[in-house]
Amino acid sequence: MKHSAVSRQFAQYVSCNVLGMIGLSCYILADTFFVSKAMGSLGLAALNFAIPLYSLINATGLMLGVGGAMQYTLVRSKEGIRHGNAIFTNLVLTALSIGLLIFLLGLFAAPTLATWLGANGNALSMTTSYLRILMRFAPAFLLNQTTLAFVRNDGSPHIAMAAMLTGSFANVILDYVFMFPMKMGISGAAIATGFSPIFSLFVLSIHFFRKQHTLKLVRCRILFRQIGRSMTLGLSSWITEVASGAVLLVFNLIILRITGNLGVAAYGIIANIAPVAIFTGIAQGIQPLVSRFYSTGEADSLKKVRNAANLLALFLAAAFYAVIFLFSDQVIAVFNSEHNTALIPLAREGLRLYFIGFFFAGINIVMTAYLSAVELPKQGTSLSLLRGAILLVPLVLILPQFLEMTGVWLSFPLCELLTAGMLALLLRRSRTA
């Protein structure tokens, strides 16, 4: 394919997905902002305790959607539309089944889960309330993530973007309505978040009324092998998302021991404004193109897409870091409704050290998705495991022993730097170098 055509498609798919993920980031920020305004640092800590479970739900939807959409693209090009739609149907049913299990778990085990996530004291009841409501919307979250990926791969990145933005903006509006005029507290924040995928699904339904769409539910048998293959291809996405939640849990527990709930609140600011979603947007945006070019053997187009994605990730990392370094106090002030002076230096140091890691994290996230899309899921999964658990968890356990909170903040950039080094070695040995 000509360079101009590749660039045009790259711009279309990546811009749509990045804008959608920016919308997602906005509603996460809205949750953080409104909770901090309504309930102060204690509410912020409670929200932070609940995020790992939200990450698990989101990760499962990503695994089914991204992995299934890769399989859909590969199978459709080789075996026809009918086989592709059978994969879509199987993944939708799988998403709903897993969502129902999480729904039931939320009904009976929310207090236990909140305790496992590290919530204590007054934050425990807030975290329990948030989880109990959030988990009731699990089927909608999983179905939305799955459908988003398939609609994007069926040639409608703009509809996927519109769906993500609609869900995000609806969440922001409902956050305000439920938490202030209606004074529903953290339960209102959970309900607003839960309705977000429902609004998104309404927009996604537009795709199925378009004449040029090929995606639809069909009668078919259960394809256990294809479901398993889809989950394998999407495993790196699952690990990346779950790792962020698991790391959040580990960070919370370590920070609690060093500085208590104030430190957790400081980390809550950092975790909620971290631009991971933007880099994930780039990774998900290039996936349909990479899968298509790989299946048709267009090596030059593959290389152009990969290089453009990495350069964009590096540019955005530099832009984010410049803003954070220059305006860290202003960013903290937005979430410091109690004007807690002890929170400011703690969060400032965290922002300026932690965000160094995104110079490497952006490329690591993009390349993890790239490797899975070219049917190298083992390499993608290995990279995800390295940055999500194998390197980061030991670092965050060891460094604070010597550097306390500074060690907590430095563990992330050091992990991403080491992962980038392993990525360079991996690419040299693989056929994607």
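Visitor: In this predicted model, how are helix α13 and helix α15 oriented to each other?
Guide: The model is predicted. In it, the axes of α13 (residues 377-390) and α15 (residues 405-429) come within 9 Å and cross at roughly 160 degrees. Angles over 145 degrees count as roughly antiparallel. The two helices, α13 and α15, are therefore roughly antiparallel.

Visitor: Which residues of α13 make the contact with α15, and what is the hand of the crossing?
Guide: α13 passes α15 in a crossing that is right-handed. On the α15 side, the contact is made by Cys415, Glu416, Thr419, Met422, Leu423 and Leu426. By class, this contact of α13 with α15 has 6 nonpolar, 2 polar and 2 charged residues. The residues from α13 are Gln379, Leu383, Leu386 and Arg387.

Visitor: How are α10 and α12 oriented to each other?
Guide: The axes of α10 (299-335) and α12 (residues 358-373) come within 8 Å and cross at roughly 155 degrees. The crossing of these two helices is right-handed. With over 145 degrees as the cut-off, α10 and α12 are therefore roughly antiparallel.

Visitor: How many charged residues does the contact of α10 with α12 have?
Guide: From α10, the residues that meet α12 are Leu302, Arg306, Ala309, Asn310, Ala313, Leu314, Ala317, Ala318 and Tyr321. Their partners in α12 are Phe358, Phe359, Gly362, Ile363, Val366, Met367 and Tyr370. By class, the contact has 13 nonpolar and 2 polar residues, and the number of charged residues is 1.

Visitor: Is the crossing of α4 and α6 left-handed or right-handed?
Guide: α4 (residues 138-153) and α6 (residues 185-204) pack with their axes 9 Å apart, at an angle of about 35 degrees. The hand of this crossing of α4 and α6 is left-handed.

Visitor: Which classes of residue make up the contact of α4 with α6?
Guide: α4 brings Ala140, Phe141, Leu143, Asn144, Thr147, Leu148 and Val151 to the contact. α6 brings Thr193, Gly194, Pro197, Ile198, Ser200, Leu201 and Leu204. No charged residues take part, and the contact divides into 9 nonpolar and 5 polar.

Visitor: What is the volume of the largest pocket, and which elements line it?
Guide: The largest pocket has 14 lining residues, and those nearest its centre are Leu29, Ile273, Ala274, Pro275 and Phe320. Two or more lining residues come from each of α1 (3-79), α8 (261-273) and α10. By class, the lining has 12 nonpolar, 2 polar and no charged residues. The volume of this pocket is about 260 Å³.

Visitor: How much space lies in the largest cavity?
Guide: The structure holds 4 cavities of 30 Å³ or more. For the largest cavity, the space is about 710 Å³.

Visitor: Which element gives the largest share of the lining of the largest cavity?
Guide: The largest cavity is lined by 36 residues, with Ser55, Glu241, Ser244, Ala271 and Val276 the closest to its centre. The elements that give two or more residues to this lining are α1, α7 (224-259), α8, α9 (276-295), α13 and α15. By class, the lining divides into 21 nonpolar, 11 polar and 4 charged residues. The largest share, 13 residues, comes from α1.

Methods. Residues are numbered from 1 along each chain as its sequence is written. This is a predicted model: local features need pLDDT of at least 70, side-chain atom pairs count only at pLDDT 80 or more; totals for chains, interfaces and linings use all residues. Side-chain values use heavy atoms; hydrogens and water are left out. Axes are lines fitted to C-alpha atoms, for helices over the stretch in contact, and angles run from 0 to 180 degrees between N-to-C directions. Helices (H or I, at least four residues) and strands (E, at least two) are DSSP runs, numbered from the N terminus. Angles under 35 degrees count as roughly parallel, over 145 as roughly antiparallel, 65 to 115 as roughly perpendicular and the rest as oblique. A crossing is left-handed if the near helix is turned anticlockwise from the far one by less than a right angle, and right-handed if clockwise. Contact means heavy atoms within 4.5 Å. Ala, Val, Leu, Ile, Met, Phe, Trp, Tyr, Cys and Pro count as nonpolar, Asp, Glu, Lys and Arg as charged, and the others, Gly among them, as polar. On a 1 Å grid over the protein atoms alone, a cavity is a set of points where a 1.4 Å probe fits but cannot get out, and a pocket is an open set with protein on both sides within 12 Å along at least five of seven lines; lining residues have an atom within 4 Å of a point. Grid points are joined across faces, edges and corners, and a volume is the space filled by probe spheres set on the points.
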